[in-house]
Amino acid sequence: MAAERVLVLAGTTEARDLANALVAVGVDVISSFAGVTQEPLLPVGRIVRGGFGGADGLVAFLRQERVKQVVDATHPFAAQMSSHAHAACASAGVALLRLERAPWAAQESDRWIHANDMAGAAARVPHGARVLVTTGRKGLQQLFARGDLSGVVRTIEPPDGALPAQWSLLQDRPPHALADELQLLQREGITCVMSKNAGGTATMAKVLAARQLGLPLVMISRPFKPPCTTVASVAEALLGITGRAG
Ligand code: NAP
């Protein structure tokens, strides 16, 4: 076995599946969570929460715990954690593998409006739209500043502070089924969907629903992450770390 102790930087379904698979084949795994979600679905194995205190803190953690391999399985939009992992692994001489699912790709009939970040997305929502916002609890201020917009903000954890009167909050956790997404969009009179390009299947139904209803979808591109060896599936990660298939 190549790796003795593996640190999985978590927060995604893939991170949980990988940790479970590694433990099942006898690998010593620590899964790390930022501690943002109140009741995350946890994998088996040891869990740490609350961050490391920057890249230097992560270097100290890697040394103290004698970690031989880090798997960055954070969400494609968790750019800071990935950047810290890259710097810390280089500094501590620890192997780094990124597990990152492929982004969604637009089909010809899709009405995607591309944006680079939350501010760009807020600016590009069509005038007067009723929006289903699925981009998380942070960075909503520019959207709320647009007085012509209204809609539904769907998050796992509520955003800080009260929502403006023309917005309602829907607390819900993926996965979402296509039938439910279609019903939500129609019930709420949604005319535009706003999403990060997370990829994967758990949150893809909104993309399919927007396609089916012919709605514009403001899609935020993934942020830059420093290049490193990257795989797109749990099976590939398992093979890369242990040399064996699941
Ligand atoms: P971020 O901006 O990249 O990271 C902010 C800080 O949170 C990091 O510097 C680190 O604190 C801590 N952190 C983040 N991920 C961590 C992890 N797996 N283990 C320990 N500490 C972690 O991250 P974010 O975008 O706020 O996302 C936070 C978590 O939610 C991530 O684990 C991510 O996988 C998950 N998530 C994010 C999104 C999203 O859209 N961004 C969506 C779904 C899930 P220190 O500097 O103190 O180490």
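Me: Which residue does the side chain of arginine 137 meet in a salt bridge?
Reply: In this predicted model, the side chain of arginine 137 meets the side chain of aspartate 160 in a salt bridge, with 2.9 Å from N to O.

Me: Is aspartate 160 buried or exposed?
Reply: Aspartate 160 is exposed, because its relative accessible area is 64%, whereas arginine 137, with a relative accessible area of 28%, is partly exposed.

Me: How many salt bridges does the structure hold?
Reply: The structure holds twelve salt bridges, and another of them joins the side chains of arginine 5 and aspartate 28, again at 2.9 Å from N to O. That pair links distant parts of the chain, since arginine 5 belongs to strand S1 (residues 5-9) and aspartate 28 to strand S2 (residues 28-33), 23 residues apart.

Me: Which residues are linked with Arg5 and Asp28 in a network?
Reply: Arg46 and Glu65 are linked with Arg5 and Asp28 in a network of salt bridges. As for accessibility, arginine 5 counts as partly exposed at 21%, and aspartate 28 is partly exposed with a relative accessible area of 34%.

Me: What about glutamate 14, which residue does its side chain meet?
Reply: The side chain of glutamate 14 meets that of arginine 101 in a salt bridge of 2.9 Å, N to O. The two partners are 87 residues apart, with glutamate 14 in helix H1 (residues 13-24) and arginine 101 in the loop between strand S5 (95-99) and strand S6 (111-115). Glutamate 14 is buried, with a relative accessible area of 16%, and arginine 101 also counts as buried, at 15% relative accessibility.

Me: Switching to helix H8, which of its residues are buried?
Reply: In helix H8, which spans residues 234-242, the buried residues are Val234, Ala237, Leu238, Ile241 and Thr242. They cover an arc of only 100° around the axis, which means that they sit on the same side of H8.

Me: Why would residues three or four places apart point the same way?
Reply: An α-helix has 3.6 residues a turn, so residues three or four places apart point the same way.

Me: What do the buried residues of H8 pack against, and which residues are exposed on the other side?
Reply: The buried residues of H8 pack against S1, H1, strand S4 (69-72), S5 and strand S12 (230-231), while Ala235 and Gly240 are exposed on the other side of the helix. H8 is then followed by glycine 243, whose phi is positive, near 75°.

Me: How many disulfides are there?
Reply: The count comes to zero disulfides, and cysteine 89 is in none, as the nearest cysteine sulfur, that of cysteine 228, is 8.4 Å away.

Me: Where does cysteine 228 lie, and what does it touch?
Reply: Cysteine 228 lies in the loop between strand S11 (216-220) and S12, and, not counting residues up to four places away in sequence, cysteine 228 touches His86, Leu96 and Arg98. Cysteine 228 is also 133 residues from alanine 95 in sequence, and their C-alpha atoms are 9.9 Å apart in space.

Me: Last topic, the ligand: which residues come nearest?
Reply: Of the 20 residues around the ligand, Ser32, Phe52, Gln80, Met81 and Lys196 come nearest.

Me: What lies 2.9 Å from an oxygen atom of the ligand?
Reply: A polar backbone atom of glycine 53 is 2.9 Å from an oxygen atom of the ligand, and a backbone N or O atom of histidine 75 also lies 2.9 Å from a ligand oxygen. For histidine 84, a polar side-chain atom lies 3.4 Å from an oxygen atom of the ligand.

Note on methods
Residues are numbered from 1 along each chain as its sequence is written. This is a predicted model: local features need pLDDT of at least 70, side-chain atom pairs count only at pLDDT 80 or more; totals for chains, interfaces and linings use all residues. Side-chain values use heavy atoms; hydrogens and water are left out. A salt bridge is a side-chain nitrogen of Lys or Arg within 4 Å of a carboxyl oxygen of Asp or Glu. Helices (H or I, at least four residues) and strands (E, at least two) are DSSP runs, numbered from the N terminus. Buried means under 20% relative accessible area, exposed over 50%, partly exposed in between (1.4 Å probe, protein chains only). The arc is that of the directions from the helix axis to the C-beta atoms. Contact means heavy atoms within 4.5 Å. A disulfide is a pair of cysteine sulfur atoms within 2.5 Å. A residue is near a molecule or strand if one of its heavy atoms lies within 4 Å of it. A polar contact is a pair of N or O atoms within 3.5 Å; within protein, one must be able to donate a hydrogen and the other to accept it, and residues adjacent in sequence count only if both atoms are side-chain atoms.
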